[in-house]
Amino acid sequence: MAGNKVTAEEALAFHLEPTPGKFEIQATVPMTTQRDLSLAYSPGVAVPCEAIAENPELAYDYTNKGNLVAVISNGTAVLGLGNLGALGSKPVMEGKAVLFKRFADVNSIDIELDTEDPDAFCNAVKLMGPTFGGINLEDIKAPECFIIEQRLKEEMDIPVFHDDQHGTAVICAAGLINALHISGKKIEDVIIVLNGAGAAGIACIELLKAMGARYDNCIVCDTKGVIYQGRTEGMNQWKSAHAVKTEIRSLEEAMKGADVFLGVSVKGAVTPAMVESMADNPVIFAMANPDPEITPEEAHEVRMDAIVATGRSDYPNQVNNVLGFPYLFRGALDIHARAINDEMKIACAHALAALAREDVPDEVALAYGKSLSFGRDYIIPTPFDPRLIHRIPTAVAKAGMDTGVARRPIIDMDAYEVSLKSRMDPTASILTGINARARAAQARMIFAEGDDPRVLRAAVMYQRAGFGKALVVGRIEDVKAKLTETGLADAVRELEVVNAANTTHLEQYKMHLYDRLQRRGFDSQDIHRLAARDRHVFSALMLAHGHGDGLVTGATRKSAHILDRINHVFDAGESSKAAGITALIHKGRIVFIADTLVHEWPDEEDLADIATQAAVVARNMGLEPRVAFVSFSTFGYPVSERAEKMHMAPRVLDARGVDFEYEGEMTVDVALNTQAQASYPFSRLTGPANILVVPARHSASISVKLMQEMGGATVIGPILAGVDGSIQMCSSGSTANDILNMAVLAACKVG
């Protein structure tokens, strides 16, 4: 992202904390009793062992093979960094493994092989074949990668896929299908120029030829110019396969009249003059990383009719491999495929292209802070489109079945699609979307507690991640000293430190506060003390006067104290419609609990207000609200006067005619469990509730803390809703990352 600076210290801290590396392994079976151990290991384990020995296919039923992919490298071409060796590549391979999990729920393990000898490499991988359902090769230099992949494909009976080659090729093909669709051209007619004849370049041109591009229409260039028939210098068998009969010798000549340019080469390889010489509606895929062969701005300056894609996330049309490999393997694993063939890759490209031509769901538009619709600036879906998981693997699996590489074809494709939808963690895309919206908002964020090192780190992260300006309330010398202690001495110049001594607005703040509090027993001395010496009041005054767009606080004091202080400046007390909404994230589910902050013992009117505020927060985060008023009783039984208000609250909402689902009162299991809900067919909820409105603040606090400590849930909040300013409060145990998340919510004005 533009402005998304990551410092070396941050990157190292991210990999070091909370534990070294990026993933761990967890058991999926109970391992508590002696009986569990007897089943998991000896003697119970002998039974599946014998069954698999007799019928190897059963490995997919009784082991994790069917959902396990190895990410394998020798580190000879790591990112754009060159040959870092096997161990130097491990952080990248771990990263790839977690992307498999995040985007397609594929379990993945990284393996680094300490050899540059293709024979030794192939032998090692081949011998590991029984362990895995698929092999993802990564960061191996050309031409060895061609030799290795070809050999392993021939010798192994599971999919072998070199992502640097085919991942790029598939996304490139998807984008090209749509670019040609927009410019009204056919793949068999267009002249394609490729610059860069390494692994990715050759895979791109081979896939496009398999899709109908004509051999004579494709001109491939490398550092020595055009690859023509008869050329001897810097050639190998893979380049020779794409040599054409031509008199053209340079990229510049090749570009004249070309319809499509594909670049997997270096920054600046393409000049504006070359773009100018291309055919009408030229298609330019400048995929060099990190900087494209030509930027979209430079291309559009000379050719308004150009359709441009790059490898970068800060430009439209990002050619991003994460759109391909997770879903290709998901589809291949689910049919127990012997290989990932061209037909499966082409099916993946067509499915991606078709997805980009459809209406974009609201949550995606929300995530990118702009409405996306099919056209020159949107020819490839975005990585955070929730439809990818159920649309792409189904197309891949079908192609695999049609071409005979499926060991176990899927009988019911509709049921398969439904099962894919349930695999993905919806919270991940929600949080990603909020980050993207915050980046678009560019909010000036007030960090109230500039005397705390965690808050200072969060402020630095907020600014360096490109979310906007960080305003820290504190003393300059103190901020400087604490930043230096945390190894961020260079960040002092980046932050704006604000306090009562250096602001020009103190008198204005005091007058405002006096107007609000003079009839509540505060004299002018009290007002001065509050405005000039209490950082929470001072920060709230800054926000109230528009001297910042959002406020984060709560890391150093209890939330009740802070709410009391904020209430001096904003209406955030029990008499207002304010409420605290806490989000619990657990095993891919997000549930809001309300009110966790403001109301001690709300009545039915308050409960209706709380439900309405929670519905606003849920919608702000891209969820369709389903509210349950929870109690120890369900629909009036057992009878209790303590539960009466929970019974009455839905009737208050009936009278108000609100536009979200709600029901109650009910126990928590009826609210969250579809099987328990089935006993109440008259209930108005169409699925599990995602908002639980609880009877009192003590039940809210107990529920949240119990889920956090016993259930291992991630807690976000309380999110303060129904207050005029965008204020978020973190808990006193927050890490710098938690504080940053609350700042991001404040920037998005969630609540």
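Student: Where is Leu12 placed, and is Leu12 buried or exposed?

Tutor: Helices (H or I, at least four residues) and strands (E, at least two) are DSSP runs, numbered from the N terminus. Leu12 has its place in helix α1, residues 8-16. For accessibility, buried means under 20% relative accessible area, exposed over 50%, and partly exposed in between, with a 1.4 Å probe and protein chains only. Leu12 has a relative accessible area of 61%, so Leu12 is exposed.

Student: What should I keep in mind about the model itself?

Tutor: This is a predicted model, where local features need pLDDT of at least 70 and side-chain atom pairs count only at pLDDT 80 or more, while totals for chains, interfaces and linings use all residues. Residues are numbered from 1 along each chain as its sequence is written, and side-chain values use heavy atoms, with hydrogens and water left out.

Student: Good. Which residue's side chain makes a polar contact with that of Asp259?

Tutor: A polar contact is a pair of N or O atoms within 3.5 Å; within protein, one must be able to donate a hydrogen and the other to accept it, and residues adjacent in sequence count only if both atoms are side-chain atoms. The side chain of Asp259 has such a contact, of 2.9 Å, with that of Lys185. Asp259 sits in the loop between α12 (251-255) and β8 (260-263). Its relative accessible area is 11%, so Asp259 is buried. Contact in general means heavy atoms within 4.5 Å. Neighbours within four places in sequence aside, the residues in contact with Asp259 include Asp189, Ile191, Met278 and Asn281.

Student: Asn281 again, then. What is the phi of Asn281?

Tutor: As background, most residues other than glycine have a negative phi, and most peptide bonds are trans. Asn281 has a positive phi, near 45°, and is found in the loop between α13 (272-276) and β9 (283-286). Gln442 is another non-glycine residue with a positive phi, near 50°. Gln442 has its place in the loop between α20 (426-441) and β11 (445-447). Gln442 counts as partly exposed because its relative accessibility is 42%.

Student: And the peptide bonds: is the one from Ala594 to Asp595 cis or trans?

Tutor: That bond is cis, with omega near 0°. Asp595 lies in the loop between β16 and α27. The bond from Ala142 to Pro143 is also cis, again with omega near 0°, and Pro143 is in the loop between β3 (134-137) and α8.

Student: Now the helix pairs. How are α9 and α16 arranged: parallel or oblique?

Tutor: Axes are lines fitted to C-alpha atoms, for helices over the stretch in contact, and angles run from 0 to 180 degrees between N-to-C directions. Angles under 35 degrees count as roughly parallel, over 145 as roughly antiparallel, 65 to 115 as roughly perpendicular and the rest as oblique. The axes of α9 (residues 163-183) and α16 (residues 342-356) cross at roughly 45° and come within 8 Å, and the pair is therefore oblique. Among the residues that meet are Val170, Ala174 and Ile177 in α9, with Cys348, Leu352 and Ala356 in α16. Ala, Val, Leu, Ile, Met, Phe, Trp, Tyr, Cys and Pro count as nonpolar, Asp, Glu, Lys and Arg as charged, and the others, Gly among them, as polar. The contact of α9 with α16 has 10 nonpolar, 3 polar and 1 charged residues.

Student: At what angle do α16 and α18 cross?

Tutor: Roughly 150°, with the axes of α16 and α18 (residues 388-402) coming within 8 Å. Residues making the contact include Ala347, Ala351 and Leu355 of α16, and Ile392, Ala395 and Ala399 of α18. They divide into 11 nonpolar, 1 polar and 2 charged over the contact of α16 with α18.
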